[in-house]
Amino acid sequence: MGGDEQTLVEILEEHIPIDFSKYINYVSAPQAGAIATFSGTTRDTFDGKDVVELRYEAYVPMALKCVKTICSSARSSWNLHSMAVAHRLGPVPVGETSVFIAVSSVHRADALDACKYVIDEVKASVPIWKKEVYSNGEVWKENSEFLERRLFGNDDDGSCSVKEVEVHRHERKKGCCGAKVKVIDESGNDDEKRCFVKDVEVNRI
């Protein structure tokens with residue numbers, strides 16, 4: 001794709017599978033050294049029950065608005081290039097993907113952290129509802145994150161209740177393997193070795 005930052009959000013109609021390559025190609029760019037993805041798939045059991053499929057419904061206009069708000073929040077917290085989020089509606093059989101997220105950035109830490117943030121917020125704040133269909137029945141399920149946000153959040157005005165993040169970046173020293181530290185071995189000799197340091201801490205407000 002081109003060099004401009006871009007965001008693609010799609011709520012797919014029933015029986016339309018998610019095309020992974022479409023979204024990965026969308027976020028790919030020469031200047032993006034990392035692409036992080038998340039694929040949420042239907043598993044075959046839940047609490048000992050055999051799952052046949054999941055069925056999703058959504059208030060599509062609000063769902064699109066909420067996901068775009070989540071992406072904007074991620075962009076304000078991490079240095080990202082492009083983002084793509086797709087969610088299916090209707091039946092999603094065992095083994096198939098219901099939600100797919102792709103995030104690209106110059107460095108991997110930004111893409112990985114942003115990808116996790118996006119799926120967590122999609123689960124917590126986007127009006128998409130799930131019915132679990134078992135071999136012996138079915139039940140509507142609400143994500144625990146969504147319920148917690150509704151109980152303790154403040155979204156009476158109908159807006160998207162998106163949790164903001166505060167990112168503290170540590171000073172990064174030059175070198176591929178992080179900062180040097182000096183260690184003392186058992187013989188008492190100084191020995192310089194490299195250690196891996198965490199570049200980003202995310203504190204949820």
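This is a dialogue on how to read some features of one predicted model.

Visitor: What should I know about the numbering and the model before starting?

Guide: Residues are numbered from 1 along each chain as its sequence is written. The model is predicted, so local features need pLDDT of at least 70 and side-chain atom pairs count only at pLDDT 80 or more, while totals for chains, interfaces and linings use all residues, and side-chain values use heavy atoms, with hydrogens and water left out.

Visitor: How many helices and strands does the protein have?

Guide: Helices (H or I, at least four residues) and strands (E, at least two) are DSSP runs, numbered from the N terminus. Here the protein has four helices and 13 strands.

Visitor: What share of the residues counts as buried?

Guide: Buried means under 20% relative accessible area, exposed over 50%, and partly exposed in between, with a 1.4 Å probe and protein chains only. Of the 205 residues, 40% count as buried.

Visitor: Which residues of helix α1 are buried?

Guide: Helix α1 covers residues 20–27, and in it Tyr-23, Tyr-26 and Val-27 are buried. Down the axis of α1, these buried residues fall within an arc of 85 degrees, so they line one face of the helix. The arc is taken from the directions from the helix axis to the C-beta atoms. The general idea is that an α-helix has 3.6 residues a turn, so residues three or four places apart point the same way.

Visitor: What covers the buried residues of α1?

Guide: Contact means heavy atoms within 4.5 Å. The cover includes strands β1 (6–12), β2 (34–41), β5 (80–88) and β7 (97–105).

Visitor: How many aromatic pairs are found in the whole structure?

Guide: Rings of Phe, Tyr and Trp (its six-membered ring) pair if their centres lie within 6.5 Å; planes under 30 degrees apart count as stacked, over 60 as edge-to-face and the rest as tilted. The search finds three pairs. In one of them, the ring centres of Tyr-23 and Phe-100 are 6.3 Å apart and the planes are at 45 degrees, so this pair is tilted. Tyr-23 is in helix α1 and Phe-100 in strand β7, 77 residues apart, and the pair links distant parts of the chain. Both residues are buried. Trp-78 and Tyr-117 also form a tilted pair, with 5.5 Å centre to centre and 55 degrees between the planes. Trp-78 lies in the loop between α2 (60–77) and β5, and Tyr-117 in helix α3 (residues 108–125). Phe-20, Tyr-23 and Phe-100 form one aromatic cluster.

Visitor: How many salt bridges does the search find?

Guide: A salt bridge is a side-chain nitrogen of Lys or Arg within 4 Å of a carboxyl oxygen of Asp or Glu. The whole structure has seven. Glu-10 in strand β1 and Lys-22 in helix α1 are 12 residues apart, and their closest N and O atoms are 3.0 Å apart. Lys-22 is partly exposed, at 37% relative accessible area.

Visitor: Is Arg-88 buried or exposed?

Guide: Arg-88 counts as buried, at 5% relative accessibility. Its salt bridge is with Glu-96, at 2.8 Å from N to O, and Glu-96 counts as partly exposed at 33%.

Visitor: Where in the structure are Asp-120 and Lys-116?

Guide: Both are in helix α3; being four residues apart, they are separated by about one helical turn.
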